[in-house]
Amino acid sequence: MKRFLLFSLLLIFILIMYVLWDNQRIIVIEQDIYLDKMSAGQEIRILQITDFHEKDFGARQSKLIKRINQLEYDIILFTGDMMNSIDHGDTGPFFDLIQGIENNANAYFVIGNTDPYPYDVTDDSVEKAPYIKVMEKHGVRFLESSDQFKLNGQDVVLTDHELSVLNPDQPFTYVEGKPKMPYENMQSYKLYKQQQLNELAETLRTFEGVLISVTHYPVADPQIDYLEEHPDRYVMRNYDLIIAGHYHGGQIRLPFIGALVVPEAWYPSPLFPPQNRVKGFWEYKGYKQYVSAGLGSSNAVSFLNFRLFNPPEINLITLKSTDSEDE
């Protein structure tokens, strides 16, 4: 019995030390994705940073900054949950990170469910929240609607997914199944977003280049079905790729089993989700989607605020032509 207890304590100690070490290392996951609209011989490299949750990776994020600055990429996407609380989020760790990144020529941010609200709204006006303004001064643009540019010979549009799926012929509304802003029903906000929706729709009306939809929330198969079944309210556009985070890869993962839980309202239960939908690349009904497991951990359950068998990751996605797929 004594030997069993000592052995058990040793195993617990080893596991704790492993978790502490594993939660501080940073792995780079590389993924090639082949698109019909990419020209032969051309590539676009996208670095995705997501679900940071104010985590410390060395003094002023030095360890993470060093790893990012070693990589070559054309676009960097921060796909939400950079902060850890809607009301009391600490922007310091995120700002340390973006100030240390050397390549921010095409840097974009979309909000997650634990980031502070991005707008200050009154009955008469809508302004970007102070932290959004500071972030943009540091070179990271808030992707409110869409941005169009040419990159490596390719015409590219990045679009905010939650806005782009709305039917522009209908009054602005929220997307079913996503958290609502407290000012969602204020007239000034509706008019502000309706104008952005109209401009986005006009941009996409004749656009024939690479369309990348950016969101914090993965678009689950049942949600895609729902959006397609309600064309009066939604439009599933011809996205070439959807990029998301949010799931943390399940955060707590077990060997041979995988993720135990993901925060997904479109599944019948968050328990034991489809393992091929928890992280990485998949395709459903022709929609290609990539979901990163991210860097940090959620404090939704305080005593489970760590990652298990699930090291922090950043993701380097390379878009290539389908002509090069068999090379």
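Which handedness does the crossing of α3 and α4 have? I looked it up: the crossing of α3 and α4 is right-handed. For the term, I noted that a crossing is right-handed if the near helix is turned clockwise from the far one by less than a right angle, and left-handed if anticlockwise.

**Ground rules**

I am working on a predicted model, where local features need pLDDT of at least 70, side-chain atom pairs count only at pLDDT 80 or more, and totals for chains, interfaces and linings use all residues. Residues are numbered from 1 along each chain as its sequence is written, and side-chain values use heavy atoms, with hydrogens and water left out. Helices (H or I, at least four residues) and strands (E, at least two) are DSSP runs, numbered from the N terminus.

**Entry: helices α3 and α4**

Two packed helices are described by the angle between their axes and the distance between the axes. I took both for α3 (residues 92-100) and α4 (residues 130-137): the axes come within 10 Å and cross at roughly 15 degrees. That makes α3 roughly parallel to α4. The cut-offs are under 35 degrees for roughly parallel, over 145 for roughly antiparallel, 65 to 115 for roughly perpendicular, and oblique for the rest. Axes are lines fitted to C-alpha atoms, for helices over the stretch in contact, and angles run from 0 to 180 degrees between N-to-C directions.

Next I listed the residues that meet. From α3 I have Phe94, Phe95 and Ile98; from α4, Tyr131, Val134 and Met135. Contact here means heavy atoms within 4.5 Å. Nonpolar covers Ala, Val, Leu, Ile, Met, Phe, Trp, Tyr, Cys and Pro; charged covers Asp, Glu, Lys and Arg; the others, Gly among them, are polar.

**Entry: helices α2 and α3**

I then turned to α2 (residues 62-69). The axes of α2 and α3 come within 9 Å and cross at roughly 35 degrees. The crossing of α2 and α3 is right-handed. Leu64, Ile65, Ile68 and Asn69 in α2 meet Asp96, Leu97 and Gly100 in α3. I sorted this contact by class: four nonpolar, two polar and one charged.

**Entry: the sheet with β1 and β16**

What is the strand order in the open sheet that holds β1? I read it as β1-β16-β2-β3-β4-β7, six strands with mixed pairing. The edge strands are β1 and β7 (141-142), and each pairs on one side only. Two strands pair if DSSP finds at least two bridges between them. β1 and β16 run parallel, joined by nine bridges. I checked Asp32: its bridge partner in β16 is Thr318.

The side chain of Asp32 also meets that of Lys320 in a salt bridge (3.2 Å, N to O). The pair links distant parts of the chain: Asp32 lies in β1 (residues 27-35) and Lys320 in β16 (residues 313-321), 288 residues apart. A salt bridge is a side-chain nitrogen of Lys or Arg within 4 Å of a carboxyl oxygen of Asp or Glu. I counted 18 salt bridges in the structure.

**Entry: the sheet from β8 to β14**

Another open sheet has six strands in the order β8-β9-β10-β11-β15-β14, again with mixed pairing. β8 (146-151) and β14 (280-284) are at the edges with a single partner strand each, so one side of each has no neighbour in the sheet. Neighbouring strands of this sheet are turned by 20 degrees against each other on average, direction ignored.

I went through some pairs. β8 and β9 run antiparallel, joined by six bridges. They form a hairpin with two residues between them, and Asn152 in the turn has a positive phi of about 50 degrees. β9 (residues 154-160) and β10 (residues 210-214) run parallel over five bridges. Leu158 stands opposite Ile212 in β10.
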